[in-house]
Amino acid sequence: MKNLTSITDRLSDRKFLGLWVLFHFVIVSFFLASFLFSKDPLRIDADLFNMLPKQFSGESVEKADRKLSEVTSRNVFILSCNRDFDTAKEIAGKVYDELKDSRNFKSLTLYQDTEVLGQFETFLFNNRFNFIDEKNDDPSRMSQLALEKLYSPFTYSSLSYMDRDPFLLTEIEMENYLEALSSNGTSLGMKDNVLAREYNGLWYVMVRGLLSKEGSALASKKNGISEIYSVCSKYENDGQRFVYSGTTFHSHKSSNAATKEITIISTVSLAAVLVMLLLVFRTPVPIFLSLGSIGVSALTAFLLTISVFHRIHVLTLIFGTSLIGSCIDYSLHFFINWKANTSLKSGSEIRSYLFSGLVLSLISTEICFAILIFAPFELLKQMSVFSLSGIFSSFLSVICIYPLVPVPEHRKRRVRGMRFVKIPEWYNRKIAGRIAVTAMFVFAFVCLFKGYKFCRIENDLSRLYKMEGRVLEDQIESARVLNYAPRGWFILRGKTADGLIELEHEVVSDLRNQIDGISLFCTSDFLPSKKQQDKSKKIYEELLPLMGEQLEYIGEDSSMTQRINSEWKEKKDVYTVMEDFPEFIQSACANSWLGEIDGNWYSVVMPSFIPDGLDGKIFASNYGGDVFYVNKMADISHDMDVLTVMILKFFAVAYVLIFIVLRMFYRMKQSLKIISIPLLIILLVSSVFSIARIHLEFFSITGIILVFGLGLDYVIYMVEAQKRNDTTENKRLEPYAILLSFFTTAVSFGAISLSSFTPVHLMGLAILVGLATAYYSSFFYERD
């Protein structure tokens with residue numbers, strides 16, 4: 001400890017100030033470099049699902065899933081609902097007209113554009129040789145089907161190519177494609193040029209949209225979801241209403257709630273700190289400097305985190321409000337001595353007096369936050385970097401800036417509230433400590449015995465986000481109307497694009513054979529493999545001798561057979577690939593055709609449902625490791641179990657590291673006493689969670705690790721105070737500073753424990769209970 005103190009004695013105030021300037025200059029420079037030279041824009045991330053860990057161990061498959069998520073997370077569906085179809089369609093048209101030119105949308109679809117359909121008809125005609133269904137291998141049946149189509153009162157195509165396509169292959173293929181497009185895995189169908197469905201006496205007309213990057217930036221006030229709500233709200237009257245579907249609506253609600261919580265938590269925490277500082281110090285200097293330190297540390301943490309990750313999640317910002325309590329700790333210990341310790345005559349002396357305790361406190365806290373950087377979970381990494389940089393910035397402010405402030409006059413050096421830490425003469429710390437610690441153990445074991453059913457580690461993703469209000473109602477209604485609420489899907493991998501299509505065709509056929517009534521969306525329903533196209537060409541070749549006769553049947557000139565044969569010879573060796581399709585088909589397949597990633601090709605098969613009797617993972621395992629079943633809820637819950645075990649291992653590492661640090665400064669018995677407190681913290685947190693009928697899970701375990709470092713601060717400060725053997729009135733200053741420190745930290749973490757975001761709530765609750773345990777224990781520590 002003397003070595004630490006000697007460091008402060010050798011360095012001048014000017015050098016300490018230079019250290020503070022250098023650290024913050026490096027952070028700001030790093031931020032400016034990231035801002036100016038980064039390819040990806042720095043942003044605040046409000047996506048609800050980005051707060052969850054990724055579940056794939058394979059890097060390429062993870063990239064495929066990420067690419068899928070980027071598209072699906074920007075899909076929005078607006079259902080115009082009315083008892084009258086024409087009214088529902090008319091209002092949907094008005095909404096479409098107001099939104100279609102907005103920069104918030106990359107695409108918006110309501111009507112089936114006749115010009116686009118004309119282009120699609122031409123495409124199908126030019127590729128008709130490759131799209132014949134292998135089930136239609138009977139020429140006589142195909143001839144009869146063509147005649148039925150010809151004399152039908154309704155056709156999907158213009159029939160303008162009959163003289164070169166007498167079997168009406170273009171019309172048949174047009175029908176198949178439009179039906180596949182209109183269903184899109186849902187129960188909606190084409191009616192009067194829009195997608196619609198009647199359900200329980202109401203008509204639902206769909207407007208589909210894909211948000212642009214600008215529109216999906218939910219942290220911005222002018223995002224696409226806000227615009228949708230603003231436009232649609234004008235028409236919600238006289239029985240007209242809207243149903244919204246898409247994960248972005250959930251993220252939007254979470255983003256708004258997060259913004260409100262950040263404001264409320266920050267305001268409450270700062271107000272509590274401000275009132276406390278006013279009551280205790282009765283001078284503006286500690287208040288302004290403490291609030292300035294909090295502001296600088298929060299800004300430093302924000303700049304470094306967003307520079308490292310190029311984005312910062314709103315949950316990181318909510319958790320970051322706890323810096324208010326953590327950072328004020330250092331300020332309180334300094335200013336209590338600045339205001340009331342008359343034996344210290346300058347800021348430099350106060351720094352030397354507190355330096356060893358502050359450094360040990362910093363090390364124990366930073367070790368626990370630093371260990372989280374190694375978790376394979378970006379949200380935890382962000383929280384770790386945010387807290388590490390913010391706390392270190394606050395520490396530097398205390399040892400570098402505060403000592404420059406002149407101490408008050410001798411007559412003004414006193415603080416209010418010292419009577420709260422006055423110890424009666426009859427008090428025996430050792431006896432009281434034994435009784436208190438025994439009582440805590442008894443309380444813990446009684447609670448654990450009563451709530452033993454909940455005293456286990458269990459992660460359930462469904463409990464981390466609770467839908468409520470209109471978002472919940474819309475989710476239920478849209479799932480019923482669309483009949484599309486997949487709990488899982490399949491990601492497929494192939495070495496070539498054509499190999500992938502073949503694999504997908506096989507998987508889709510097996511799914512349709514095993515699951516009655518299943519509807520699904522997949523690329524192979526649009527693009528046949530080369531093997532299938534070869535079969536189609538063979539069927540077409542069998543039709544060629546019948547062309548002249550078929551032309552006569554439909555009233556066309558049989559001499560066109562020569563041109564038909566010429567076109568066949570020209571294109572018989574040509575295969576259709578995805579890039580040949582019109583833009584609107586490629587856009588429709590964007591959710592299912594992921595393309596080439598790291599040398600392999602990926603696609604997605606999305607069933608409308610997976611029955612309980614079919615295990616998706618077992619089904620996928622039958623295809624040699626190239627099919628992956630994804631069930632976000634189950635997979636992420638399982639991976640969070642794995643991460644929880646990893647966090648417990650981190651706890652063990654942090655435990656050993658901090659014990660090693662303590663042994664560098666204290667004797668073995670002292671170190672063992674200090675390091676035993678985290679075990680008591682674990683017991684008390686577990687008991688409170690069990691009696692509250694809450695399972696311990698990933699985020700609460702993470703909170704225990706963090707309180708491990710934060711809670712030891714109280715004991716370290718108390719030990720350092722006892723080592724001084726001060727018999728004057730000053731011996732009460734450190735306990736008083738610890739009391740105030742606990743109050744501010746408890747307010748901060750108590751506030752985030754009230755968060756509506758379950759992960760933040762559980763972490764905050766675990767830290768609050770742990771801090772209370774550590775603070776209570778610190779007063780019963782008897783130094784040898």
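Colleague: Which residue lies over the face of Tyr575?

Modeller: The model is a predicted one. A charge counts as sitting over a ring when NZ of Lys or CZ of Arg is within 6 Å of the ring centre and within 35 degrees of the ring normal. At 4.9 Å from the ring centre of Tyr575, the residue over its face is Lys537.

Colleague: At what distance from the ring centre of Phe125 does Arg128 lie?

Modeller: Here the residue over the ring face is an arginine, Arg128, and the ring belongs to Phe125. The distance from the ring centre is 4.1 Å.

Colleague: How many aromatic pairs does a search of the whole structure find?

Modeller: Rings pair if their centres lie within 6.5 Å. A search of the whole structure on this basis gives a total of 29.

Colleague: What kind of aromatic pair do Tyr540 and Trp568 form?

Modeller: Planes under 30 degrees apart count as stacked and those over 60 as edge-to-face, with the rest tilted. The centres of Tyr540 and Trp568 are 5.3 Å apart, and their planes make an angle of 40°, so the pair is tilted.

Colleague: How many residues apart are Tyr540 and Trp568?

Modeller: Tyr540 belongs to helix H18 (residues 530-543), whereas Trp568 belongs to helix H20 (residues 561-571). The pair thus links distant parts of the chain, and the separation is 28 residues.

Colleague: Is Tyr540 buried or exposed?

Modeller: A residue under 20% relative accessible area counts as buried. Tyr540 has a relative accessibility of 1%, and therefore it is buried.

Technical notes. Residues numbered from 1 in each chain as written. Predicted model: local features only at pLDDT ≥ 70, side-chain atom pairs only at ≥ 80, totals over all residues. Heavy atoms only, no water. Phe/Tyr/Trp six-rings, centres within 6.5 Å; stacked < 30°, edge-to-face > 60°. Helix = DSSP H or I, 4+ residues; strand = E, 2+ residues; numbered from the N terminus. Buried < 20%, exposed > 50% of the residue type's maximum accessible area, 1.4 Å probe, protein only.
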